Amino acid sequence: MSKVEIKTADAPQPVARFSQGVRKGNILQVAGQVAFDPSTGEIVGSTVAEQTRQTFANLNAVLAAGGASIDDVVMIRVYLTDTAHFAELNEVYGEFVTDPAPARTTVYVGLPAGLLVEIDALAVVD
């Protein structure tokens, strides 16, 4: 079973040597997505809520390109730049994730200027 690169114009193109997603068999790993508009490369939004919505739009585009959806996601990792953003992120997160919710890890990191959140996901496709 070979590893397949997942690419879509509906999510930002990587600026370094990595794939938007990689699928091997029924496992799909989506690389960390941020709030870049895929058509302009500009950051969408200045709040965690706005950026989280765009980040999920990008994440969902890569999932779809790999033959999956958010319902197939078993693990999500969220990277925030500030602990004060947790509640706002969590509220928007609930707009996209349904029960049973995927497992999740949230860590606090430094991101490039202007970015407040990054999210990656692991999906298992039936």
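The model is predicted, so local features need pLDDT of at least 70, and side-chain atom pairs count only at pLDDT 80 or more, while totals for chains, interfaces and linings use all residues. Residues are numbered from 1 along each chain as its sequence is written, and side-chain values use heavy atoms, with hydrogens and water left out.

I begin with the core. A nonpolar core is here a set of buried Ala, Val, Leu, Ile, Met, Phe, Trp, Tyr and Cys residues joined through side-chain atoms within 4.5 Å. Buried means under 20% relative accessible area, exposed means over 50%, and partly exposed lies in between, with a 1.4 Å probe and protein chains only. The largest such core has 25 residues, and Leu59, Leu63, Ile70 and Ile76 have the most contacts inside it. Two or more residues come from each of strand E3 (27-33), helix H1 (48-65), strand E4 (73-80), helix H2 (86-96) and strand E6 (117-124). Helix H1 gives the most, with six residues. Helices (H or I, at least four residues) and strands (E, at least two) are DSSP runs, numbered from the N terminus.

What does Leu63 touch, leaving aside its neighbours within four places in sequence? Leu63 is in contact with Leu28, Val30, Ala68, Ser69, Ile70, Val73 and Ala123, where contact means heavy atoms within 4.5 Å.

Leu28 stands opposite Ala123 in E6, and E3 and E6 pair in the antiparallel sense over five bridges. Two strands pair if DSSP finds at least two bridges between them. Strand E2 (residues 21-24) also pairs with E3, again in the antiparallel sense, over four bridges; the partner of Gly21 in E3 is Val30. E2 and E3 form a hairpin with two residues between them, and Gly25 in the turn has a positive phi of about 65°.

Asn26 is also placed in the loop between E2 and E3. With a relative accessible area of 37%, Asn26 is partly exposed. Not counting residues up to four places away in sequence, Asn26 touches Ala123, Val124 and Val125.

I turn now to the aromatic residues. A search of the whole structure finds two aromatic pairs. Rings of Phe, Tyr and Trp (its six-membered ring) pair if their centres lie within 6.5 Å; planes under 30 degrees apart count as stacked, over 60 as edge-to-face and the rest as tilted. Phe56 and Tyr93 are edge-to-face, at 5.9 Å centre to centre and 65° between the planes. This pair links helix H1 to helix H2 across 37 residues. Phe56 is buried at 0% relative accessible area, and Tyr93 is buried at 8%. The rings of Phe56 and Phe96 are stacked, because their centres are 4.6 Å apart and their planes are at 5°. Phe96, also in helix H2, is 40 residues from Phe56 and counts as partly exposed at 22%. Phe56, Tyr93 and Phe96 form one aromatic cluster.

Which charged residue sits over the ring of Tyr93? The charged end of Arg104 does, 4.4 Å from the ring centre. The criterion is NZ of Lys or CZ of Arg within 6 Å of the ring centre and within 35 degrees of the ring normal.
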